[in-house]
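Welcome! Take a look at it first, and then we will start with a pair of helices.

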Amino acid sequence: MPSARRRPARIHWFARLEHRFHAWRERRARRRGRTATILPFPGYGGEGWVRVVGRVLIVPPRRRTPSGEYASVRGWRSFVGIPVSFATVQITIDGRTHDVTADRGGVVDSRIEADLAPGWQTLTMSVEGQEPVEARVFVVSADVRFGVVSDVDDTVMVTALPRPLIAAWNSFVVTEHARLPVPGMAVLLDRLMRENPGAPMVYLSTGAWNIAPTLSRFLTRHLFPAGAILLTDWGPTHDRWFRSGREHKLTNLRRLAAEFPQVRWLLIGDDGQHDEAIYSEFLGEHPDSVAGVAIRRLLPAEAVLAGGRAAGDDHSEDAVPWVSDEDGAGILERLIAEGIVR
């Protein structure tokens with residue numbers, strides 16, 4: 001007898017509603033003559049391949065100051081772009097063009113075969129016949145043995161994200177120029193990159209892809225080292241109301257371990273969310289892929305806004321060092337003591 005066919009998974013009703021809403025917004029915008037564009041985000045790669053990341057959106061024009069510079073942007077403006085579902089994007093790498101399809105939220109996250117030299121490399125992306133825009137990927141050499149993965153919220157940028165009302169204020173109301181870096185973190189990450197030439201820097205966050213341009217400008221403005229940016233979509237999935245931030249981080253950590261088996265990662269996070277538990281789980285699964293863990297302790301006032309700290313576990317028996325302090329300078333001193341930083 002022929003085997004019974006498996007029925008396709010039913011998409012969550014909220015996801016279908018969200019898709020209809022964005023499709024309605026897209027139709028209205030196109031009637032007004034607006035077109036889609038591709039926003040590229042920094043990606044990474046290895047020998048023979050690259051991971052290209054971007055998003056297809058219809059975005060409103062940005063206001064400029066009298067001097068011609070872009071005006072400071074309030075957070076809510078990062079969320080008014082209209083995602084273009086399932087758009088076809090042309091990615092040109094080293095003279096060869098590849099067609100890839102964006103997902104339901106307009107996100108492009110594709111692994112493409114390409115032979116590029118180690119270091120930062122440039123490619124182009126275009127959609128709907130628009131002018132190509134440049135994107136960058138960091139190609140990791142096969143002889144690199146060290147890399148850094150860092151959380152963003154309350155690790156490099158002060159956000160007090162876990163508390164919903166504070167998160168909403170920081171995400172939607174505060175202007176991007178008012179966002180503050182965690183003291184000493186830029187110096188710490190820059191020193192790690194300078195001491196380990198060719199090492200990959202990955203910013204892995206549960207933040208929405210909507211804030212990627214704002215995050216890129218923040219990192220540049222506060223002199224953080226350039227790195228790949230891996231965010232997520234706050235919208236519903238096919239089977240649940242909202243995506244799991246924990247699963248997003250674990251999935252990408254596991255992917256990095258599989259893509260770069262020779263690299264041992266320094267994992268940096270904070271104690272305001274679930275970073276310690278996530279890193280512990282990953283360490284248990286991939287002990288050979290972890291060089292150490294650094295947890296930034298929230299200040300007392302930040303911990304109150306964030307709804308408290310995550311309960312810490314005893315890591316004295318772990319095979320890799322765990323360090324913790326309230327800022328980048330303190331973490332740097334502890335990493336030096338552990339021999340991770342010279």
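Predicted model: local features only at pLDDT ≥ 70, side-chain atom pairs only at ≥ 80, totals over all residues.

From helix 5 come Arg246, Lys249, Leu250, Leu253, Arg254 and Ala257, and they touch Asp275, Ala277, Ile278, Tyr279, Glu281, Phe282 and Glu285 of helix 6. Sorted by kind, the residues of this contact are 7 nonpolar and 6 charged, with no polar ones.

**How helix 5 and helix 6 are arranged**

- Helix 5 covers residues 245-259 and helix 6 covers residues 275-285.
- Their axes lie 10 Å apart, and the two helices pack at an angle of about 35°.
- The crossing of helix 5 with helix 6 is right-handed.
- As background for reading such a list of contacts, an α-helix has 3.6 residues a turn, so residues three or four places apart point the same way.

**The chain as a whole**

- The chain holds 8 helices and 14 strands.
- It has 342 residues, and 49% of them are buried.
- Looking at contacts between residues at least 6 apart in sequence, you will find that 71% join residues at least 24 apart.

- Helix 8 runs through residues 328-337, and its buried residues are Gly328, Gly330, Ile331, Leu332 and Leu335.
- Which elements cover these buried residues? Among them are helix 3 (185-195), strand 12 (264-270), strand 13 (290-296) and strand 14 (322-325).
- Just after helix 8 comes Gly339, with a positive phi of about 80°.

- Most residues other than glycine have a negative phi, which makes the next two residues worth a look.
- Asp94 has a phi near 55°, a positive value in a residue other than glycine.
- You can find Asp94 in the loop between strand 4 (88-93) and strand 5 (96-101).
- Is Asp94 buried or exposed? Asp94 is exposed, because its relative accessible area is 66%, and the cut-off for exposed is over 50%.
- Leu223 also has a positive phi, near 65°, and is a residue other than glycine.
- The loop that holds Leu223 lies between helix 4 (212-221) and strand 11 (228-232).
- Leu223 has a relative accessible area of 66%, so Leu223 counts as exposed.

Notes: Residues numbered from 1 in each chain as written. Heavy atoms only, no water. Helix = DSSP H or I, 4+ residues; strand = E, 2+ residues; numbered from the N terminus. Buried < 20%, exposed > 50% of the residue type's maximum accessible area, 1.4 Å probe, protein only. Contact = heavy atoms within 4.5 Å. Axes fitted to C-alpha atoms, helices over the stretch in contact; angles between N-to-C directions. Left-handed = near helix turned anticlockwise from the far one by under 90°. Nonpolar A, V, L, I, M, F, W, Y, C, P; charged D, E, K, R; others polar.
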